[in-house]
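Here are a few notes from going through the model, meant to be read with the structure open. I start with a backbone point and then move to the rings.

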Amino acid sequence: MSHVLARAAGGAVSLPDPATIMIDREDGGQLVVYPPRPVWDRTALSHAELLDWTRLVAATARAMLESLPQLAGGCLNYWDAGNWALNPAADPPGPKTGPAHRRLHLHLCGRSPNSADPSWPWGEAPTFPPFSDRFSWSLGKRALTAAECVAVVDRAREVLRDVYATGDTGGLEAGTCRGCGYPTPSVDLADTRCPTCRAEGGA
């Protein structure tokens, strides 16, 4: 899991792994939503866990659509991934099965009408590279900025409370890292810095 922006009863919202990011912020942007506990498929979640996770996914998606200018007139793709984790060349090397090696996570991929990425043209299905080319395909693609993520998390909290009638924010919680400015759950902050900033600062 990459930088976690917020945690809630339904799971966690994070930035994509920088090494395998799918889409640049200007071409639509991308976030990842993990369920409340590690499972290989959504069918392994309990009834309550599935409801909470689905609310978190929908609230985050709505927040992206309403908060990110690059998605004006656009849409989202909801992508249950995990395919590359099953490749025979992925660690541990060798044949793999879904139940044993896949970890459920859902990519929210913004689709901008103004996308200049040939892999994400407006009005077409996206194209993905083979496992061996995944790093070069992602090279140069940028994650959403700290300010964009703050706007998404703030709006997702409102959506959980007001739109999905949970009566509260669904437990959505995030502070702000003093170093990078990205939303970060308070439990992950130490000396007001996220784990990445602490590692880069040698603390």
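1. Thr192 comes out as partly exposed, because its relative accessibility is 39% (buried is under 20% relative accessible area, exposed over 50%, partly exposed in between, with a 1.4 Å probe and protein chains only). Thr192 has a positive phi of about 60 degrees without being a glycine. Its place is the loop between E7 and H5.

2. A word on the basis: this is a predicted model, where local features need pLDDT of at least 70, side-chain atom pairs count only at pLDDT 80 or more, and totals for chains, interfaces and linings use all residues. Residues are numbered from 1 along each chain as its sequence is written, and side-chain values use heavy atoms, with hydrogens and water left out.

3. Asp191 also has a positive phi, near 55 degrees, and sits in the loop between strand E7 (183–184) and helix H5 (195–201). Helices (H or I, at least four residues) and strands (E, at least two) are DSSP runs, numbered from the N terminus.

4. Check the Asp91 to Pro92 peptide bond too: it is cis, with omega near -10 degrees.

5. Now the rings: the whole structure holds four aromatic pairs. Trp120 and Phe128 are edge-to-face, because their ring centres are 5.7 Å apart and their planes at 85 degrees (rings of Phe, Tyr and Trp, its six-membered ring, pair with centres within 6.5 Å; planes under 30 degrees apart are stacked, over 60 edge-to-face, the rest tilted). Trp120 is buried at 1% relative accessibility, while Phe128 is partly exposed at 31%.
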